[in-house]
Amino acid sequence: MKRKRAPGSLAHGRPPHINKPTATLSSKATRTLIRSHHQLHKAHAKALKEGDNLEASRIEEQIEKQGGLKSYQHASIIGQSVARGGDSSKTLLAWLKSELPQTSPGSPPLRVLEVGALSPNNAISTAPGYAVTRIDLNSQHPDIKTQDFMERPVPLFDEKRFDIVSLSLVLNYVPDAEGRGDMLRRTTEFLLQDTPEKESSFLFLVLPAPCLTNSRYLDEKRLGEIMISLGYMRTNRKLTEKLIYYLWKYVPDRTKGSRRSFSKTEVNPGRSRNNFCVVLR
Ligand SMILES: C[S@@+](CC[C@H](N)C(=O)[O-])C[C@H]1O[C@@H](n2cnc3c(N)ncnc32)[C@H](O)[C@@H]1O
């Protein structure tokens, strides 16, 4: 008998999109591989943090045994295939059409930084009017630069900043809560700082739904508070069975005097919940 995954588990929410890959894994094998990679990745970060190098190298070996980041990305690409739910950047495109109407013929392309890019052929990359810079920890294509977003040099002028930063199923890849807070804060440094509000810039954020609907430490209200303290205003939201999508407008002036820190605080007690958390220092 086919076993259904509990709707509240983090493995339940898996990526959408792109072209159908040639070699295919079953949905179950795809989910198992993604879940196991996430667990090992987290355990590895924990071992390193605790200075347990022996345990860290044991986990590294395990990760390599199951194909490493490459296999995880392959499973994610399959998860993104049209057959398994579609491309999250389609939602981004639809929202941008109403939020940034300057995407008319003749206007300069909107600059997009896609963090965690798996393919240069998704909807945002193939739509006219967008210039997409793609990065990933491990590029699978010559048009994607191998780069850690956390180490990408911070731009000093708006000319080098972006109209849109996309973090689609990337924040949940970061193994620890402080690292997630740091990643969210860092997005603001890549968005426009000196441009009038009507030409605002945006963060597209996609997470597995259970990160917000079934976590002990994070819900939509708390994420909203974190985002507001960083200078973001929510403009769009979509919740599906598996994923939650947001578009946040960045309004730099809003941060003046409103910066707060957020620790690991229980917002939803319950034994069957997950531990997804964002800590903002
Ligand atoms: C599940 S895939 C998501 C792919 C795609 N964006 C999507 O929506 O399906 C997560 C990707 O994020 C990448 N990633 C995670 N942290 C990153 C970082 N700090 N900098 C760049 N890429 C990162 C991983 O290498 C992985 O390929």
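Two strands count as paired if DSSP finds at least two bridges between them. Strands (E, at least two residues) and helices (H or I, at least four) are DSSP runs, numbered from the N terminus. Here, seven strands make an open, mixed sheet in the order β3-β2-β1-β4-β5-β7-β6. It's a predicted model, where local features need pLDDT of at least 70, side-chain atom pairs count only at pLDDT 80 or more, and totals for chains, interfaces and linings use all residues. Residues are numbered from 1 along each chain as its sequence is written.

**The sheet**
- β3 (145-146) and β6 (232-239) sit at the edges with a single partner strand each, so one side of each has no neighbour in the sheet.
- β6 runs antiparallel to β7 (residues 243-250), joined by seven bridges.
- One of the pairings to look for is Arg 237 with its bridge partner in β7, Tyr 246.

**The binding-site residues**
- UniProt's unreviewed entry puts a "binding site" at Gly 116 and Asp 136, though such annotations may be inferred rather than shown by experiment.
- They're spread over 21 residues of sequence, yet they cluster in space, with a largest C-alpha distance of 4.5 Å.
- Gly 116 is in the loop between β1 and α5 (123-126), while Asp 136 lies in strand β2.
- Gly 116 counts as buried (20 or more other C-beta atoms within 10 Å of its own, with C-beta atoms placed from the backbone) because it has 21 C-beta neighbours inside 10 Å.
- Asp 136 also counts as buried, because it has 21 C-beta neighbours inside 10 Å.

Key. Buried ≥ 20, exposed ≤ 12 C-beta atoms within 10 Å, placed from the backbone.
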